[in-house]
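Colleague: Please take one part of this model and go through it closely, with the cut-offs behind each term that you use. I would like a single connected account, including the residues involved.

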Amino acid sequence: MKWKNNLLITIIFTSIVHIHSDELFNLNEQFIATYDRTRNYLVSMLNPLIICIKDKAIIIHRGKRYEEQVVPKLYHDLKSLSHVPFKIYLTVMFNSGNLSETNSIELQQYLEKIRSIRNSIHFPSDIQKTQYEILDLSIEYIQTILKTKFIDEIQLKNFCQQARHLFSINIEIAARAHLDMLDEKIRPWYQNRFNDTERNSLQVLITGSKTARHGSTEKAYFYKLLGERHEGKHIIYVENIDDEQKISEILGVWLLDAKASAMFFDGDIERLHRDILADAAKVHVKQLFERSKNEL
Ligand SMILES: *[C@@H]1O[C@H](CO)[C@@H](O)[C@H](O)[C@H]1NC(C)=O
Ligand SMILES: *[C@@H]1O[C@H](CO)[C@@H](O)[C@H](O)[C@H]1NC(C)=O
């Protein structure tokens, strides 16, 4: 989804006109003000609206705002533990051969920390064993490095592979815990508190970050719950935004562009969502390079 389409019409009109007089600039300010006002109005009319942001689902229903926690603490705890072997790998990844003094000190300190954490973790009993295994594997590997003062590529690779097997188990448990909580919180809203009309008009906005793969669980869940196949009608996914005000603006732009597309582009609802300048630009770029080739 291309959010740079925000104020797309502005871009089109300014690029067509070419004259940058103050008067035209001021005229366009009015367009922007009207656009913003309309956008905010559209968002305020949404009922119901669910926004998944960080660990929460914000539910706007009949003019009231509710918050539900949808990511359990267990999810974060498992993530932190799975990151231990990864942190060790990152520390030594550019240090094959003799262990550097800096890394040696860092690993000694880290070793103490994970030893003390090993004594204090409390997970559900069926999960605890894997957590001990991850920590023990890490402790053992650091001890080897510190003793030999050497990073052996094959040893490192073996360590990473064993670790991967263990944190794959964690990822599954974490995903399940997250989904269970999400379902426990969302389904009562969807099935009992929303009526038929509201189930049809429900809009879901999911935020995620590229790095943490956060949001993909919510995405899968809501697609299934709503029986949706494509993004856009009820479900919108945006990356790397965790400011509620910004999210609401993005949602408004999306809704407004969809409505305007239907009017300006004769029912082609997706038209404004695509980069309207892209097609025109492609043609021009091609001509530009063909021209310069001929000039050579
Ligand atoms: C690595 O350490 C050994 C033993 O301290 C030393 O003999 C060798 O020169 C070191 N190698 C490098 C490339 O620094
Ligand atoms: C559903 O709830 C809305 C308020 O959000 C109300 O206006 C509408 O009449 C209700 N529809 C039905 C079918 O009960």
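Modeller: In this predicted model, the axes of helix α3 (residues 73-92) and helix α4 (residues 101-118) come within 11 Å and cross at roughly 170°. Axes here are lines fitted to C-alpha atoms, for helices over the stretch in contact, with angles running from 0 to 180 degrees between N-to-C directions, and the elements are DSSP runs numbered from the N terminus (helices H or I, at least four residues; strands E, at least two). At that angle α3 and α4 are therefore roughly antiparallel to each other (over 145 degrees counts as roughly antiparallel, under 35 as roughly parallel, 65 to 115 as roughly perpendicular and the rest as oblique). On the α3 side, Val-84, Lys-87, Ile-88, Thr-91 and Val-92 make the contact, and α4 contributes Asn-103, Glu-106, Leu-107, Tyr-110 and Ile-114, where contact means heavy atoms within 4.5 Å. Sorted by class, this contact has 6 nonpolar, 2 polar and 2 charged residues (Ala, Val, Leu, Ile, Met, Phe, Trp, Tyr, Cys and Pro count as nonpolar, Asp, Glu, Lys and Arg as charged, and the others, Gly among them, as polar).

From α3, the residues Leu-74, Leu-78, Leu-81, Val-84, Pro-85, Ile-88 and Val-92 meet Ile-127, Gln-131, Ile-134, Leu-135, Ser-138, Tyr-141, Ile-142 and Ile-145 of α5. The contact of α3 with α5 comprises 13 nonpolar and 2 polar residues, and no charged ones.

From α5 the packing continues to helix α6 (residues 153-193), where the two axes come within 10 Å and cross at roughly 160°, which makes α5 roughly antiparallel to α6. Here, too, the crossing is left-handed. Helix α5 brings Ile-127, Thr-130, Gln-131, Glu-133, Ile-134, Leu-137, Ser-138, Tyr-141 and Thr-144 to this contact, while α6 supplies Gln-155, Leu-156, Phe-159, Gln-162, Ala-163, Leu-166, Phe-167, Ile-169, Asn-170 and Ile-173. By class, the residues between α5 and α6 are 11 nonpolar, 7 polar and 1 charged.

As for conventions, residues are numbered from 1 along each chain as its sequence is written, and chains are lettered from A and ligands numbered from 1 in the order in which they are written. Local features need pLDDT of at least 70 and side-chain atom pairs count only at pLDDT 80 or more, whereas totals for chains, interfaces and linings use all residues, and side-chain values use heavy atoms, with hydrogens and water left out.

How values were computed: Left-handed = near helix turned anticlockwise from the far one by under 90°.
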